[in-house]
Structure formats: structure tokens, C-alpha cells
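Hi everyone, thanks for coming. Let me put the sequence and the model up on the screen.

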Amino acid sequence: MNRMRSVFNNFMKNERYSRFTLQTEQDGERRVEVKLSEDGLDGDAEANPGGSPTFRPAPRGQNRKNICFLLVATLLIFIIGYMVGYLIHGRPKVSQSCENNTVYRVATSVPFVPFVPREEPAPSLSWVDITKLLENKLNSETFTKTLSEFDKVSPRSAGSYEDSRLGNRIIDQFKQLDMKPWNDIHYVRLQTPDENKPNTVTFGSDIFKPKGYLAFSGTGIKTGKLVYANYGLPEDFAVLASNKVEMEGSVVMMRCGKISFAQKVANAEGKGAVAVLIHPDNKDMTADNEVYGHVHFGSGDPYTPGFPSFNQTMFPPTNSSGLPKIPAQTITYNNADKILQAISGPSGFGRSLGGIKNITVEVNNVLGFKEIHNVFGVIKGFIDPDQYVVLGAQRDALGKGYARSTVGTSTLIELAKAIRDMVKKDGFRPRRSIVFASWSAGEYGSVGATEWLDAHMSSLGKNAFTYISLDGIVQGVGSFYASASPLLHTLLENTLRVVKSPIGSGSLKEMIRTDLFRPMSIDDPAYPFLAASGIPSISFHFISPNKEEYPYYNTLLDNEDHLNYATSQNTASVTASAAQIAGQMALRLVHDHVIQFDMTRYKKVLNINVYRINDKISTLQKSGTLTDVRTVWLLHTKASFQRAADAFKNDVAKTDLSDPEACRLLNDRIMRIERSLLSPYVSPIETPFRHLLSGQGPHTLAAIAEMTDLEQLHTQLALATWNLQGCANSIVENLWDVEFE
């Protein structure tokens, strides 16, 4: 090769034949340069006036020879170009791996990196190691300090300066933990009392001016016969009807408990009432305690149903179908008792049922815009970071909100610290991500959380696979209950078997003496995630024995002293146990190869609902009322779901779980289950809670089992059947394996 270069250089240096020279630069590379011949330059100019100075006429008889030289020069230019490129990039070297004897060609200047399939990080911690680390990092001493710090900022009503200040403090905490915090801003409409025109209740000569109120109530002045309806349950109104108490045009008084304020008002309005009064039970709290709440039979901003409350987006004026049209107001027990002793009428529920004397309710609540901030931080996964569990807690409170928001916010922060520390210092490598969310406007019906769901519905359905609510997790001690998607039942039960009881030596599972699971109510903070967005969700609560709820919830008496009394001065210890439950569930969901959902738990729920519908239709058919409706298709669909669940379980058993791509395919299938139970046949504006089993509306299996309109029954049965078949189909791996009978 060197000899060839020398010959070429000697040839090119002959200026008679070429104007190209090969020069050596300082960097050692050879470059081709065009050189204008000096000899004859002036003569050429004279011989060719006005022409190019580089033009040189060829002597006679040499044209053919010059053409040959030109061709040779062109060929040599191509060769030298190739050699220059070769010299720049260098000769490939051979590198051999000592581990697997695989040979790679590696360039010296631009290294060649062979394709390597995605691999999991080497597992450095067992599940036992992970639970031990979490247990050591979450203790009562830690929570004693954190609870005290977060209790200092109160009150912190939604959109207030205090609410924003606490949100900024949480952002700072997430920044210190390197959790890449961000916030989510919404402009929502919230209802509050008119400072210049208080709400009033007038009964005879008595005029009461309660300080508590119910947000999103209808406004105005209404007068009617006072009727007492106990808790406002459907069966309570049935008692009134059996006693021939007229409901149309009445004002209904009810006591707190059993169901949400919104459900009480909706039930009364459905019976023709013109106003509602709600009072607490004297046995639960002081007689003069004021009660606060909301009566929107839904969640989120009721004036932007189904879409987010962004300031820059102009939506047409729309009211939620869950907004009541009648006034609703809370009243203290003392004032309620004074009124009820004077109403007369037939007896029931240990009191007179009324229906004789008039009462007037005046509600003057005003509507105003508030800017609210949701705050987020994330600990990213190492294999599938786009799939994540969300841990969330309400930040705002009308008063102290100790049980309602302080405990949850403290738990959120301590879990973030503990898990981040495990990743940074202890070698924990979660496969999937964990998002930590601090919500605003929770007092008004999960407004902040619901607006976030509305804003990111399309992406959350594919990526957020579990929501764990931290609201109200400590309301007492000695008992425990949870509300959850059936997919999470087994995971919770397994977690309770290993988390220690805060008041004994055994596990939490051993402490629980009552039914563990309750149906998720519409005012549960986890409800919009499950029923509106199709995200498997859970809320859980430590509670005192023989209590259905913490009596100081929704009052200004929700403070540290009352919660300490309810927990026998063990609030920090109980909070640490609650954090263990939430933390272990979240870590299990992001740690295991296959997401820990148990599809078989949906079999029982489906069986109960399907057989109720089957029994109803069979009864109608036997009576001759219904002749053209059959449930065979529904029964086949239920069986199809069960077969798909069993097939998935077999697929998991046959899969190589060390293959990340295979695990991803399994997880994609199992994540579709809850979302596919959302009915595609109802409007999210008119019927936001679209879930076939946990939702609200005529599309649900529970509603179909109680339906009296036969034409509607026929239609809703067909739609629900296909909705359920779609869920079964979503579990199947391949389109060509879908059952179509």
C-alpha cells in the first residue's frame, strides 16, 4: 500500500499533466488540492484574451493523450478518496468477549455498540428485605414529629393562602428527595356561606342561624311541613309512607350517618321534598357542634362535569346531574332536638314523624372561583417506569382536619422519604413507578383529584394501575375496614397478615373481628378513581370498635386531642401501622414481575349480581309480565369471564418471569380489566360513575336487578351483557382467541 502511495505521489507532482497536488497537513492527513499552473499563466491570458486564465490549449496531436490522462486522474481521485476515508476511520480491530466467546467488530473512532435486549437490574433485595427496611423506617417516633409539623398550618381551606403555603412546602420536600415535583392547577367553582346574609332556619318564633353549611346546596327560601326521616335511607322513607306521612312539598329532617349527605338529599328530593335539614347524633359528639359537608351527588367541580376546570379552556355552562335543586342545611343537635320535640304526628324511629307543623329554611350560599394546586412527586421505576401506582392524600381542611387531612399528608411524606431512601441507599429497584399526590379541595368532594382525572383520562387509563387513598386512615383503634376493587382484596389480606398490630403482639389480621370489606361509597376519596376512571382503588381505615365512622369527621372538632382520645393516645403508632399497609401494598405492586391483582375475586361479585338479575327475570317470566327477555347470554358472558381469568392464571404459570417483555404483555392484559368494566354506552357528563359493578346509574348490574321499567330493563340488560363480554375479551391474549358464541 505504501509503495502504491509513493508511485501515485510522484505521478501527481508532475505539473505538466495535472493541477492536483497531494499535500501533507499538520494533522498527518493527506489532502488533495487543486493547483493552478504558474508557468504559462500570462501567456495563456494573452492567447485567450477575455477567457479563463486557467485555460491552456493542448498541443496538436495530444488531445487523445490528454483524455487518457484525465481518465486516469479521475480514477486515481476516487482511489485516493477511498484511502483518505480508510486512514481517517482506521482498521477495524477484533475484540472477543471472554465470557461467551462472542466476537464483535469495533471501530476505533466510532465504537460499535451491539443491540442488547432490555434486561432487569440484578435483584439485590428479597421481598423480606424490603418489608424489613420499610418497617425500620416507619415508626411512631417519626410520625410524632411529622404530625406535629403538619398540624401547625390550619385552617387551610381550598384555594386559601394557607393551602398554597402547605402545597409549596410539600413541593420543597419532594425537591429535597429528588422526586422531580410538579403541580396541576385548576380553577374551580366552590360554594361558601354569604358573610353578609347568613343561612337561617325558622320554626315558629325560633330563628336559628347555623354556622355550618352544605356546599353545592340549592339556594332560596322554602317552607313546608316538617317530616323526620331518620337516616334518609330508602327503607326510612318506606316507613313514612306506611304511616301515611305526606312527603310532597315537605321539609325533611335527617340525622348524620349510614349514607352520604348527598345521598340523603337526593333521596328526599326524589320523594318531593322542598328542603332538607341534617343534624348529628348527640351520642357521637357535643350537642352544639356544627357540621360541614357537601351535597353534590358526584365528585369534582359540579360545573365542569366530565371535563377539567382549566382557566384557559372555555366550556359551555354545564351543571352536573348530581347537583340538588332544593336547599340543604346542617343544624346542631340541640336545635334539632328542640324542633323535633314539637312536631307531633305519628311515631317512628323513637320520635314523632311530623307532617303537621311548618318550618322555613333559607340558604344563601354564594358561588366563587378558586385557584387550587395539586402537588406531585415521583419515584421512577427501573423496568416499566410508565406504569405507576398513585398514593394520594387530601391537603385542605376547613378547620384543623387532623384525622381528615393531617394524618394522610404526614403519611404521604413519610412514605416518600422511606421509599426514596430505600432506592438511594439500600439498593431497592422497583420495576414500576410510584406517584405521590397531594390533593386540594377534598372537602368539597374530591374536587382536585377528580379534575386531575378528567384532565388526564386517556393516559391514566393506560398507565395508572392502582390508587391508594391515605385520607382518614386513622379514625380510632381496635378495628379496621377497607373498601376496594376486588382485584386488590387478596393483596390487602396478605398485607394484613404480616403488618403488626399497633396495640398487641399479633398481626392486624388477627386484630380484625368484623367484616373486612365494605362497599365503596360515593363520598369515598378513592371512588372517582374506581367508578369513573376504571383504576383499581382502595381506601382503608382504623376505627374504634362498634363505630361506623369517626364522629368528629366533617366538624371543627376534628383535632389532635379528639383523635388521641379515639386511639387511646396511640395516634402515632396507629399511623405508622397504616403507613406500613399502604407502603407494603404499593411496594408489592411495583416490585413483583406480574402485578398482584387477583381476578378470581371478581368471580364472586359477578356471580352475586348476575344471579340476582337472573332471579328477577325468572320471576317476571313466570308471572307472564316479561316474555321476550332471556338471561342465557348474560350467563354465558359470566362464564366467558371466568374462563378468561383461569386462562390468564395458566399463562402466568407458563411464562418465563425473567423475561421483561413477557411480563409486560401479561401486565398490559391485567391492567385492562377494571377499565373495561366502564360502560361505553353512557355519557360521562350525565353518568360519570360508569363502572358496571361499582358505579351509579341504570347501566349497573345492581340497578338492572331492581329495574321496574321493562323496556329499559331489556335495553340495559343487553348493553350490560356486551359490556361484560368486552371485559372478558380484554383479558384474552390474542384477538383470534376471543370467544364469540
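This is a predicted model: local features need pLDDT of at least 70, side-chain atom pairs count only at pLDDT 80 or more; totals for chains, interfaces and linings use all residues.

Residues are numbered from 1 along each chain as its sequence is written, and side-chain values use heavy atoms, with hydrogens and water left out.

Start with α17, residues 571-591. Helices here are DSSP runs (H or I, at least four residues), numbered from the N terminus. Helix α10, residues 402-425, packs on α17 at about 55°, with the axes 10 Å apart. Axes are lines fitted to C-alpha atoms over the stretch in contact, and angles run from 0 to 180 degrees between N-to-C directions.

How does α5 pack against α17? Helix α5, residues 140-150, sits at about 110° to α17, with axes 8 Å apart, which makes α5 roughly perpendicular to α17. From α5, Ser140, Phe143, Thr144 and Leu147 take part, meeting α17 residues that include Thr571 and Ala579.

The structure has 7 cavities of 30 Å³ or more, and the largest cavity holds about 80 Å³. A cavity is a set of points on a 1 Å grid over the protein atoms alone where a 1.4 Å probe fits but cannot get out. Lining residues, with an atom within 4 Å of a point, include Tyr292, Arg404, Glu443 and Asp558 for the largest cavity.

Conventions:
Helices (H or I, at least four residues) and strands (E, at least two) are DSSP runs, numbered from the N terminus. On a 1 Å grid over the protein atoms alone, a cavity is a set of points where a 1.4 Å probe fits but cannot get out, and a pocket is an open set with protein on both sides within 12 Å along at least five of seven lines; lining residues have an atom within 4 Å of a point. Grid points are joined across faces, edges and corners, and a volume is the space filled by probe spheres set on the points. Angles under 35 degrees count as roughly parallel, over 145 as roughly antiparallel, 65 to 115 as roughly perpendicular and the rest as oblique. Contact means heavy atoms within 4.5 Å.
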